[in-house]
Amino acid sequence: NGFLCSSEMVLLQQHTPENYKVCIARLVHSDSSEIILNDLFKMYLMTCDARFHLPIEDHRKMESGEIVIFDMKNFTLRHLTRAVISTLRLISKYLQTSHPVRLVQLHVVNCSPAVTRALIFIRPFFYAKLYNCLHFHKVGALENLYQHVPREILPSDYGGQAASMLELKKYWCGVFFNYRPFLMNDAYWQS
């Protein structure tokens with residue numbers, strides 16, 4: 001799949017001291033013609049579905065909440081123009097009312113000033129409680145992120161001691177392929 005080659009979405013293997021699970025999503029390159037943001041949202045939902053279907057021993061312990069980190073290094077305003085407003089509304093409603101894990105923090109790292117201003121337009125889609133959990137970090141300001149997420153549990157790509165994003169992506173791709181029959185079976189997804 002071209003989308004799997006152009007993005008990375010992983011769950012870290014360690015929890016924060018507060019027992020939060022950490023998810024990191026980023027684009028591998030900045031070519032907006034190869035990325036559709038709807039696919040990124042689908043990948044996040046598939047990650048959640050596969051994760052909640054894993055045996056409990058795969059989770060050293062059940063988490064108390066989730067921290068999501070979006071790396072905007074390769075994100076351009078062109079990507080935003082490819083976003084579908086109705087999907088943005090649906091994903092924000094899902095995250096705020098139906099997501100089975102409590103989102104405690106949303107971090108947007110490596111933000112250029114232009115992207116930071118553009119992302120202000122997402123505010124109408126979020127309830128105040130979730131919007132207040134949103135943190136923007138300028139390009140190269142990972143020290144600010146370390147105040148919220150311990151550096152040592154982050155991938156080596158972010159100055160941490162954990163496996164690289166590529167290694168974590170390979171692990172999660174293996175999970176997806178193992179759970180493909182579950183993820184593709186419409187009987188599981190009917191209301």
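Modeller: Before we start, a ground rule: I count Ala, Val, Leu, Ile, Met, Phe, Trp, Tyr, Cys and Pro as nonpolar, Asp, Glu, Lys and Arg as charged, and the others, Gly among them, as polar. Also, this is a predicted model.

Biologist: OK. So how do the residues lining the second largest pocket divide up?

Modeller: By that rule, seven are nonpolar, two are polar and two are charged.

Biologist: Which residues line that pocket?

Modeller: The lining is made of Leu95, Gln96, His99, Val101, Arg102, Leu103, Val104, Tyr127, Lys129, Leu130 and Cys133.

Biologist: And which helices and strands supply at least two residues each?

Modeller: Helix 4 (85–97), strand 4 (103–111) and helix 6 (128–131) do.

Biologist: How much space lies in there?

Modeller: About 220 Å³ for the second largest pocket.

Biologist: Let's zoom out. How many helices and strands does the chain have?

Modeller: Nine helices and five strands. Going along the sequence, the pattern reads α-β-β-α-β-α-α-β-α-α-β-α-α-α.

Biologist: What share of the residues is buried?

Modeller: 50% of the 191 residues in the chain.

Biologist: Of the contacts between residues at least 6 apart in sequence, what share joins residues at least 24 apart?

Modeller: That comes to 74%.

Biologist: How many residues are in the largest nonpolar core, and which have the most contacts inside it?

Modeller: The core has 54 residues, and the ones with the most contacts inside it are Leu12, Val22, Ile24, Tyr44, Ile69, Val149 and Leu154. Helix 2 (residues 37–53) gives the most to this core, with seven residues. As a general point, nonpolar side chains in soluble globular proteins tend to be buried together.

Biologist: Take Leu12. What is it in contact with, leaving aside neighbours within four places in sequence?

Modeller: Leu12 is in contact with Lys21, Val22, Ile24, Ile153, Leu154, Pro155 and Leu168.

Biologist: Switching topic: what is phi of Asn19?

Modeller: Near 70 degrees, which is positive in a residue other than glycine. Asn19 sits in the loop between strand 1 (7–11) and strand 2 (20–27).

Biologist: Is Asn19 buried or exposed?

Modeller: Asn19 has a relative accessible area of 13%, so it counts as buried, the cut-off being under 20%.

Biologist: And where is Asn110 found?

Modeller: Asn110 is in strand 4. Phi of Asn110 is near 60 degrees, again a positive value in a residue other than glycine. Asn110 is buried too, with a relative accessible area of 14%.

Methods
Residues are numbered from 1 along each chain as its sequence is written. This is a predicted model: local features need pLDDT of at least 70, side-chain atom pairs count only at pLDDT 80 or more; totals for chains, interfaces and linings use all residues. Side-chain values use heavy atoms; hydrogens and water are left out. On a 1 Å grid over the protein atoms alone, a cavity is a set of points where a 1.4 Å probe fits but cannot get out, and a pocket is an open set with protein on both sides within 12 Å along at least five of seven lines; lining residues have an atom within 4 Å of a point. Grid points are joined across faces, edges and corners, and a volume is the space filled by probe spheres set on the points. Helices (H or I, at least four residues) and strands (E, at least two) are DSSP runs, numbered from the N terminus. Buried means under 20% relative accessible area, exposed over 50%, partly exposed in between (1.4 Å probe, protein chains only). Contact means heavy atoms within 4.5 Å. A nonpolar core is a set of buried Ala, Val, Leu, Ile, Met, Phe, Trp, Tyr and Cys residues joined through side-chain atoms within 4.5 Å.
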